[in-house]
Amino acid sequence: MKDNNNDNRIEEQKIVNNLSRVGILGNIFLALFKMVAGVFGKSGAMVSDAVHSLSDVFATFIAYIGVRLSKQPEDDDHPYGHERFECVASLILGIVLAGTGLGIGYAGVQKLFSDEKIAIPTMLPLVAAIVSIAVKEGMFWYTMYYAKKLDSSAFKADAWHHRSDAISSVGSFIGIGMAKLGFPIMDPIASIVICLFIIKVAYDISKDAIDKMLDKSCDKEYEQRLREFIEKQPGVIRIDMLHTRLFGNKVYIDLEIAAKNDMSLIEAHDIAENVHDNVEKEFSDVKHIMIHVNPEM
């Protein structure tokens, strides 16, 4: 008999490898290209943008490691699995992104208040900014598409890392363009604006990772859909308790349902088993649901 789970794992590993390859090679190319353009084109904003792209290489590597570790099967020491490794990877990505943003902002402020005359950039950084916007936006959509297929929070964070780089390149383009029009001060100001965008993305990524590490409950809309589905199952009279918690990118559920008080233990067990199987089939992110059956009062 064909092992579908094994086939799925192989397919997922291919996707993870491809995402990592595209992320690392694409960012190395862009970082080198933008660094050369920034140095020879006399643009501090483009140099800052290059540093951001370089941090993306590290970010993709961390996402790759986190996803690989999270896919390990349960064992005696980790009976609930390893999904939280993705949260750890996402949190590290958020911290790296925040550090990158602060470094870019600090360099921009230093240049802004420096007595040194700000050079007017050449056309080369403008070309680099356009190339970066196109490439990074493409990498965002590519990574996000497969991150959703994998339901991977680490690669979703990596996708937003790509988007933040595209946004920073938009800021670079505007700042460099304004500098070429006779407002050289706009080049370091662009670096500061880029910093703010990056820190906002870092905050969102880190908050999501921390929520999932702290067993945060699912949102009200999700729980309402879950409640309505369970109440429609045969034999379920009402729901006495419904608790959900996020464990990495998976959901665990503790449920108490009421059933007729004159049925046998076997009948009550069959109702619970049916609810268990149908919930895990309908809600693909539910890894396990623990059900207790109460007698109707």
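A crossing of two helices is left-handed if the near helix is turned anticlockwise from the far one by less than a right angle, and right-handed if clockwise. Helix α2 passes helix α4 in a left-handed crossing. Helices (H or I, at least four residues) and strands (E, at least two) are DSSP runs, numbered from the N terminus.

The model is predicted: local features need pLDDT of at least 70, side-chain atom pairs count only at pLDDT 80 or more, and totals for chains, interfaces and linings use all residues. Residues are numbered from 1 along each chain as its sequence is written, and side-chain values use heavy atoms, with hydrogens and water left out.

Start with the whole chain. The protein chain holds eight helices and three strands. From the N terminus on, the order is α-α-α-α-α-α-α-β-β-α-β. The radius of gyration (taken over C-alpha atoms) is 25 Å, well over the 19 Å that the globule rule gives for 297 residues, so the chain is more spread out than a compact globule. That rule is 2.2 Å times the number of residues to the power 0.38. Along its principal axes, the C-alpha trace spans about 85 × 45 × 30 Å.

Return to α2 (residues 44-70) and α4 (residues 123-150). Their axes come within 11 Å and cross at roughly 30°. Axes here are lines fitted to C-alpha atoms, for helices over the stretch in contact, and angles run from 0 to 180 degrees between N-to-C directions. The crossing angle makes α2 roughly parallel to α4. Angles under 35 degrees count as roughly parallel, over 145 as roughly antiparallel, 65 to 115 as roughly perpendicular and the rest as oblique. In contact (heavy atoms within 4.5 Å), M46, D49 and D56 of α2 meet P125, A128, A129, S132 and K136 of α4. These residues divide into four nonpolar, one polar and three charged. Ala, Val, Leu, Ile, Met, Phe, Trp, Tyr, Cys and Pro count as nonpolar, Asp, Glu, Lys and Arg as charged, and the others, Gly among them, as polar.

Helix α2 also packs against α5 (residues 153-180). Their axes come within 9 Å and cross at roughly 175°. The two are therefore roughly antiparallel. Residues of α2 in this contact include M46, D49, H52 and D56, and those of α5 include F155, H161, H162 and I176. By class, the contact has nine nonpolar, 10 polar and four charged residues.

Next come α3 (residues 84-112) and α6 (residues 186-213). They pack at an angle of about 160°, with their axes 7 Å apart. This pair is therefore roughly antiparallel too. Helix α3 passes α6 in a left-handed crossing. Their contact has 23 nonpolar, seven polar and four charged residues.

Finally, the sheet. Three strands form an open sheet in the order β1-β2-β3, with mixed pairing. Two strands pair if DSSP finds at least two bridges between them. β1 (238-247) and β3 (286-295) stand at the edges with a single partner strand each, so one side of each is left without a neighbour in the sheet. Neighbouring strands are turned by 15° against each other on average, direction ignored. β2 (residues 250-259) pairs with β3 in the parallel sense over nine bridges. I253 stands opposite I289 in β3. Helix α7 (residues 220-231) packs on this sheet and touches β1, β2 and β3. The direction of α7 makes about 140° with that of β1.
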